[in-house]
Amino acid sequence: MPLVGRATETEHLRGLIDRAGTCGAALTVRGAPGIGKSALLSEAGAYAADAGMRVLTMSGVEGESHLPYAGLQQLLHPVRAAASALPDHQRHALTAAVGGADSAVPDIYLVGLAVLNLLSDAAAGAPVLLVAEDAQWLDHSTVSVLAFVARRLESEPVVLLASIRDGFHSRLDDAQLPELALPPLTAEHAAELLDAHAPELSPELRQRFLAESAGNPLALTELPRATRDSGGSAIAAATWLPLTTRLERAFTARLSGLPALPRTLLQVAALNDGSSLEEVFSAAEALLGGAGRVGIADLEAAVRAHLVEMNATDLWFRHPLMRSAIHQNMSLPQRHAVHAALAEVLTGQDDRRSWHLATAASRPDERVAAELQATAARAERRGAVAAAVAALEHAARLSENPSLRAERLLRAADLAGELGDRTVVAGLLSQASGLDLSSQQRARLVWIRGTFDEGLRNRTADARSLAGLAETVAGAGDPQLAVRILWSAAQLCFWTEPGAEARRQVVAVAESLPADAALEQWLVAILAWAAPIERGAAVMDRLRVAERQAGVDARAERLLGNAALMVGAFDLAQRFSDSASVDLRSQGRLGLLTRALGTEAWAAVQTGDLNVAIPVAEESSRLARETGQQFLYGLLRANEAVIAAVRGDHGRAESLAEEAELLALPVGARPVLCRVQVARGMNALALGRFEEACAQLRRIYDRADHSHQIALSCYALADLADAAVHCGQGEAIRGIVRDMEATALRTPSPALHAALRFTRAVLADDDADALFAAALSADLTGWPFIRARTQLAYGEWLRRRRRAVDSRTHLRAARETFDALGAIPWSERARQELRASGERSRRRSPDARDRLTPQELQIVQMAAEGLTNREIGQRLYLSHRTVSSHLHRIFPKLGITSRSELASVVRAAGG
């Protein structure tokens, strides 16, 4: 149809295409059925092809949405040969995803990186336009990959245009892409379009069509045609129906005018989950009982009726509403018969065959249910979790055995939890709860129900009940499931405050489980999260043993890093998490990578290693948002707020703290609220607003305050003492210090003991000399920030006692360390103290951390290590072209001209 009334939208899309040579873009086009989305995208494709761009297309089909990566196979078919140039792990992931290899897909994000690099390479010769029509019906795996790619197109000569029907949610919405909404045509443009397609209309019919179509282009072209074909009865009979239904009725009326054989062929095509003409012909012959051969000639009437189009191998409907109309017009027995015929001819395509068998089944059938369960297992193996969930749910409906039905529903709910789809999980569990469940199945149901959002939103099970369930499951002989349930209980101990008795119960169950090397890391993490003080020594001992062991896998190392963070062993937390992140990156496990990076960044900022903390914290929070980990995102944003405060970026510190607080307050996420208070306290401390800092930080130690968190309160004591001594409130915090001294008797936490050594010294009076000496003589290797703060505090104390000469040695050392760390407010404090002692101090020179964004700093660090652009891209889940674009922007910022100069830049920044 001509693009009447779409000049503004057309120019907008042409503008994106014209800029594709210098920058990429992604855009969704949203509107009602028939509003002209397809026509607009087709025009954009033609314009791009005329401009020399490569155009790759795919279309979502409702009947194919259960087929994993079906859309991706369409899109990449023209460039599939180029996949051979991808790095091995990306090539294998992509090949497995699109069905070319019988191997597991490590993670959907690794498939996304492979697709990104494949498209980037394809765009090396000419820019690429990706067109995704009816994206609301693309399979979940394909849309997840598209969302991943769309977020990373800024520096690529690639443009993505996707159309989405009003009233449908797509994962592309989660990517927060710009959206172009198509409104109905204006009265003037609607009249122009109608007159171009139906100039013979009488004034009365013309006016009626304009009113009935409501500016919908498809209605303006199809309803007049239907009226001509039916002698006017179609529109008359449909005036009371919604527009979409009127259009479907119009298509149905045109279908009824076809001979029987073309009608049968269209019925088969409408229910087929592919476009192959051979499949349609074979299924139709089976349906007709072998009465004769059918072929292309038998579809000519449907083509003349403008219902379908075809080439030598494929058939497609001119509009999705045509497929929907045919489906709605078929009786249930007709649909079952067509699906059975399709299943009969789809030999060698087990997954498609099982779906058609399942749809054809009119009653429970265990044989079909088992086939569909096997399809789910294959989908899960390929990383298509949504397809696996759908297959398991349908298999449950066809199950003859109630126990198997429950098992399939619970497995589907468990998998749906990985997708973060709370509504689907709730529906599946609701079905399962009405069955006669075994004790283990009921335990799994309760556990799955409580696993969402760190257990914060739907608190159907508390830590004590989960611990009891774990004990029951372990007694029934399933220690692996028991540990998973117990881990959920331990997480609640971290995110909420369940009380001492609940913590004791979690620990008791964990320690009652039989020794199992495969579960060791889980049990260490459970003890650390549930009882970081009471079991701190045991956790530290087990961490030291694990540190000496070889062959610990990345997921286990992530857990160990988490455990180390909880007990204040920040050096171990960094080492375990950094090691875990290497393998998690290569495996594409971005959900787990987010957590490993978050732990690494948190530990790094506590020790003062800002060269690690700055880029890793930004990456972890970005990935948390992308992977849908909402409350972890809040925690990581709060951690970024602490970093901003240490850096002296006061406005950013406050805005990040506010963002994190808004996420955490409705659910009382204690770790987030605790970290928010630390950020605000550190920010006030950096600004010299000591009384405000003291008030913010004291809240952490109030057990009635939602910002109190047992483990995390151990790590802010030095900040509180620093603020209190500068505003004359040292005596006011003595009670807090006594409590923390008592806590220190029960745990060897390196962080707590370092903080206490600092606190004792700054709160002392005339005997502080010995306490400062003791604090500085402790082994603070790998803890430069607390060491420099101790030196600063000692220098301040000496100067106040008129020992200016003695103070300068400590103040100089503190200044140099703070400069190297990039802790700007603290280095300025050291300079002020030096000036007050009678010594002038040079100004700090800005370094790479001051000039670059966190991601740019990360790229510079990797390039300085000698990594190529491709290697950097593989680590950061960017294309090599994007890395190259970043480096071109970075060089002028740093005042350098070659890659060989990056190492000296990193060294100058303390790296």
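Visitor: Leaving aside its neighbours within four places in sequence, which residues is Arg585 in contact with?

Guide: Contact means heavy atoms within 4.5 Å. With sequence neighbours within four places set aside, Arg585 is in contact with Leu593, Leu597, Glu619, Gln858, Arg875, Leu876 and Tyr877. The model is predicted: local features need pLDDT of at least 70, side-chain atom pairs count only at pLDDT 80 or more, and totals for chains, interfaces and linings use all residues. Residues are numbered from 1 along each chain as its sequence is written, and side-chain values use heavy atoms, with hydrogens and water left out.

Visitor: Is Arg585 buried or exposed?

Guide: Buried means under 20% relative accessible area, exposed over 50%, and partly exposed in between (1.4 Å probe, protein chains only). Arg585 has a relative accessible area of 9%, so it is buried. Its place is in helix α30 (residues 570-587); helices (H or I, at least four residues) and strands (E, at least two) are DSSP runs, numbered from the N terminus. By contrast, Ala774, in helix α40 (residues 768-777), has 39% relative accessibility and counts as partly exposed.

Visitor: Which backbone oxygen lies 2.5 Å from a polar atom of the Arg585 side chain?

Guide: A polar contact is a pair of N or O atoms within 3.5 Å; within protein, one must be able to donate a hydrogen and the other to accept it, and residues adjacent in sequence count only if both atoms are side-chain atoms. Here the oxygen belongs to the backbone of Arg875. Another such pair is at the start of helix α19, where a side-chain oxygen of Asp365 comes within 3.1 Å of the backbone nitrogen of Arg367.

Visitor: How many residues has α19, and how far does it reach?

Guide: The expected span of a helix is 1.5 Å times one less than its number of residues. Helix α19 (residues 366-381) has 16 residues and reaches 22 Å from first C-alpha to last, close to the expected 22 Å. Just after α19, Gly383 has a positive phi of about 85°.

Visitor: Which residues of α19 are buried?

Guide: They are Glu366, Val368, Ala369, Leu372, Thr375, Ala376 and Ala379.

Visitor: In what order do the five strands of the open sheet stand?

Guide: Two strands pair if DSSP finds at least two bridges between them. The order is β2-β3-β4-β1-β5, with parallel pairing. β2 (54-59) and β5 (179-181) stand at the edges with a single partner strand each, so one side of each has no neighbour in the sheet. Six bridges join β2 to β3 (residues 128-133), and Leu56 stands opposite Leu130 in β3.

Visitor: Why is β1 largely enclosed by the rest of the structure?

Guide: In a regular strand, side chains alternate between the two faces of the sheet. In β1, seven of the seven residues are buried, so the strand is largely enclosed. Ala25, Leu27, Val29 and Gly31 are on one side, with Ala26, Thr28 and Arg30 on the other. Parallel to β1 runs β4, joined by seven bridges, with Val159 as the bridge partner of Ala25. Three bridges pair β1 with β5, where Ala181 stands opposite Arg30.
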